[in-house]
There are 2 protein chains.
Amino acid sequence: MAQKNILQYIILGLLDQEPRTGYELTQDFAHEIGEFWQAQHSQIYPLLARMEEQGLITHSVEVAGTKLEKKRYSITTEGRSALSSWVGAPTPTMATTKDEFVLKLYFVQRADDARLPGMIREQIAIHQEWLDHLEARRQLLFGDENVPQDQFGHYLILDHALTREQQYLSWLDQQLTQLPHN
Amino acid sequence: MAQKNILQYIILGLLDQEPRTGYELTQDFAHEIGEFWQAQHSQIYPLLARMEEQGLITHSVEVAGTKLEKKRYSITTEGRSALSSWVGAPTPTMATTKDEFVLKLYFVQRADDARLPGMIREQIAIHQEWLDHLEARRQLLFGDENVPQDQFGHYLILDHALTREQQYLSWLDQQLTQLPHN
DNA sequence: ACGTACATGTAAGACGTTACATGATTGA
DNA sequence: TCAATCATGTAACGTCTTACATGTACGT
């Protein structure tokens, strides 16, 4: 995709909340923030080293048990300033959704293609499952709060993802019912 | 992103419509299909060579003027079969929208952050412009037709993109009006 | 003692963008 | 003749995923 190192800013943002180890950051990408961005540990560890070289973060060593060394990274003043100017900077480029399913639709030339109903039903199942996951997540994090004071950003993007999935699903439903002789 | 060579199938799909040169394919990605997938010529030309090696496409040489050689590629039987099995295969992976703006929102911790209104207004402008473009495109391609017989797939994904942008915009509008003392 | 989770790294390769490089055609 | 467009390629580099590789800690 060749972004401009967005991952770096995500890590800064997470470390700004509280210091973390590389392993913990990996867990965050697998769970906490994984709905919106993915990163494997093989990408995270080298990046942490580069960011420390640049002075954006530092680490201290914690020993667990007798031998195991954990590197707990914290954000530096310089890092905090880089994070802040990223958030404040314009975001002129739109997310280009590269949706394989939608691409396939492009090459279905005819409305009566026999494969369409099955294809759409498959996507409905996938997006319904995802919507359920997101709803459970909102319930877990925010309960029935309307607009929470803290974690406002997290609330915002969860709400955004929920709205998007609801729209995607209702679009799929609508297309399915509008198909000829279905 | 490490997809499974989706670009290859898009090229097969385009060549299935009619034979094209690498240059023409590049133009298609810049205009026709550029709303949904991007590819530069530097990615297209080497891929065409690889696809020809695999027997998915062939080319014939056209001479324009006195010297200029154009390679016009067509899909082979093998290519048509690969395209068809791609379209027919399950699409189990969801599009992971990596939306830089939404990521920034995640790190805005407080609802009264002074930067929020400006950030949201910027995105409204961008998405409004995009929506206008898509609407002009639909008007151009399909006029006031409701559900066209031919180019059904193109109609579908344009409709999908339009719906998505409308939803994105209304979400942004809603968040803007709900901000404290705006 | 054994399995799972914790913890950190490197290597190889696919995908994608920007830049480099060259030359022909066409219309003003 | 000059500029824009047509036309095809390679190089360098950044991002991202999958696989390789190693070892510790902790609970049962």
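How many aromatic pairs does the rule give over all chains?

Modeller: This is a predicted model, in which local features need pLDDT of at least 70 and side-chain atom pairs pLDDT 80 or more, whereas totals for chains, interfaces and linings use all residues. Residues are numbered from 1 along each chain as its sequence is written, chains are lettered from A and ligands numbered from 1 in the order in which they are written, and side-chain values use heavy atoms, with hydrogens and water left out.

Over all chains the count is nine aromatic pairs (rings of Phe, Tyr and Trp, the last by its six-membered ring, with centres within 6.5 Å; planes under 30 degrees apart are stacked, over 60 edge-to-face, the rest tilted). B:Tyr9 and B:Trp86 make a stacked pair, with 5.2 Å from centre to centre and 5 degrees between the planes. Because B:Tyr9 belongs to helix H1 (residues 6-17) of chain B and B:Trp86 to helix H4 (residues 77-88) of chain B, their pair ties together parts that are 77 residues apart in sequence (helices being DSSP runs of H or I, at least four residues, numbered from the N terminus). B:Tyr9 and B:Trp86 are both buried, that is, under 20% relative accessible area with a 1.4 Å probe, protein chains only, where exposed is over 50% and partly exposed lies in between. An aromatic cluster that draws on both chain A and chain B is formed by A:Tyr9, A:Trp86, B:Tyr106 and B:Phe107. As for where the chain A members fall, the domain assignment, automatic or from a database, gives domain 1 (6-88) and domain 2 (100-178) in chain A.

Note on methods: Helix = DSSP H or I, 4+ residues; strand = E, 2+ residues; numbered from the N terminus.
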